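Colleague: I am new to this one. Please show me how to read its features, one at a time.

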Amino acid sequence: MANTFQRAFIWILGLMALVGNIFVIAWRIKEKDLKKVPSFLIWNLAVADFWMGVYMLIIASTDMYYRGVYIRFDESWRNSHLCSFAGFLSTLSSEVSVFTLTVMTIDRFLIIVFPFKFIRLKLKACFILIAVGWVVVAVVSFLPLIGIPYFGSNYYGRSAVCLSLHLTNEKTQGWEFSVSIFLFLNFLSFIMIFVCYLVMYISVRRARMIPGMKSTKRTKEAATIAKRMTLIVLTDFCCWVPITVMGTLALTDTVTIPGIVYAWTAVFILPFNSAMNPILYTISVINIKNKKGLSRSRTQQTLSSRGYSVNDSQYQTATLVYEGMPSSQIIPTAAMNYIPLTQHINAASTKLNIQDIRVIAIDIAKALNFLHTRKILHGRVCEDAILITLERDGKSVSHAFLADLQRSRYTDSESGRVQYGKDILAYGDMVRRLLRTFEKRKKISNGNT
């Protein structure tokens, strides 16, 4: 490395990528969370990014070992097996990481943009897809090491940091291979990720435009989603767009890319995603879960002070049943205070109106569809199984959640799926009862006036 700044940052980012992704791997295993598609993909992403941390520490350690005398050992280092191994690791890690991020984006895209369709990435299909991705990328990354004349004698050793990135004006042996992977495929993946997140954000914005939801609340939630999506796209942008731009400029002979660019690319650009992904996809999630845990006790105390009672099972299922649903639509947040619908209806101060019934009917229909598309029967759709949250005025219903999963069960047979109709009939009866209650109270109110 040419200066102290580079030496310091390659150690910092290398350790962040190594330690951060080890933490993610261990935490996901400890939480026994790998049977869910999003968690499995995040775990796989951490495994891929872990190897980028290993690559960076190999380069950092070699730089320390040869410091002051590197010029004498330059050729021997570039031709060494360790340099070839480091080059293999960098290619394997970066491409599996890009592939996994693309699959994760597509999975989220299907969930958010088409929340009530049967198009879903199943765990088995996801496992096969990722396994094939690892095998294909490993084979492609290993091709330059098996003596194919196209790649020349020392493909990864053409730079001191053992990268196969083509960022020079010289069209050396195998340059098409590097350009097609690092420039074309990766930039195409970035464009796909950017477009998918843009469509997701637009979809979320439209979903929030529901009558009865306050403008300030819509704005706040949309802004939160926008920030998270922006961070994800921004890290991809910082990693791959500079590489694509430099590679394109070099190929077209627009500018001359100096050799030192390889060192800066290895230190700052290439590992940026690997260091940031644990923070974006896991550590931030842990922080949110901790906040929800703190909020839970406050919620229970608030309900008790109002005379309501919500047990742990109701509280947990109200959250767990919606895991994987678009957070902008009906998933509970840490700040929500749950109220049993039955107790809300029976409260003397409650004036249930058509808008409240509409919100409840829509949200419970979404919840049932979410369960049924995952082959789960609820078994007890009624007022007692529904939790609600109120607007800031403490009167209007803002969201409804289908809790109480004690009678729910998984069914994968045709005869079992016919029983979905029982949930739907119970749902219809529940809506009719709410309407009758509204009409009855309306008549009483009109009679009193």
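Modeller: Start with a helix pair. Helices here are DSSP runs (H or I, at least four residues), numbered from the N terminus. α4 and α5 pack at an angle of about 150 degrees, and their axes lie 9 Å apart. Axes are lines fitted to C-alpha atoms, for helices over the stretch in contact, with angles from 0 to 180 degrees between N-to-C directions. Angles over 145 degrees count as roughly antiparallel, so α4 is roughly antiparallel to α5.

Before we go on, this is a predicted model: local features need pLDDT of at least 70, side-chain atom pairs count only at pLDDT 80 or more, and totals for chains, interfaces and linings use all residues. Residues are numbered from 1 along each chain as its sequence is written, and side-chain values use heavy atoms, with hydrogens and water left out.

Colleague: Is the crossing of α4 and α5 left-handed or right-handed?

Modeller: A crossing is left-handed if the near helix is turned anticlockwise from the far one by less than a right angle, and right-handed if clockwise. α4 passes α5 in a right-handed crossing.

Colleague: At what angle do α1 and α2 cross?

Modeller: Roughly 150 degrees, with axes that come within 7 Å. That makes α1 roughly antiparallel to α2. The crossing of α1 and α2 is left-handed.

Colleague: How do I read a nonpolar core?

Modeller: Take buried Ala, Val, Leu, Ile, Met, Phe, Trp, Tyr and Cys residues, joined through side-chain atoms within 4.5 Å. Buried means under 20% relative accessible area (1.4 Å probe, protein chains only). The largest core here has 63 residues, and L41, Y55, I59, W77, W240 and I243 touch the most other members. Among the elements giving two or more residues to this core are α1 (4-30), α2 (37-65) and α7 (215-251). α2 gives the most, with 17 residues. A second, separate core holds 25 residues, including A361 and F438.

Colleague: How many disulfides are there?

Modeller: Look for cysteine sulfur atoms within 2.5 Å. The count is 1 disulfide. C83 and C162 form it, with sulfur atoms 2.0 Å apart. The link of C83 and C162 is left-handed, at -120 degrees about the S-S bond. C83 lies in helix α4 and C162 in the loop between α5 and α6, so the pair ties together parts 79 residues apart in sequence.

Colleague: Are C83 and C162 buried or exposed?

Modeller: Both C83 and C162 are buried. C126 is buried too, at 0% relative accessible area. C382 also counts as buried, at 16%.

Definitions and conventions. Buried means under 20% relative accessible area, exposed over 50%, partly exposed in between (1.4 Å probe, protein chains only). Angles under 35 degrees count as roughly parallel, over 145 as roughly antiparallel, 65 to 115 as roughly perpendicular and the rest as oblique.
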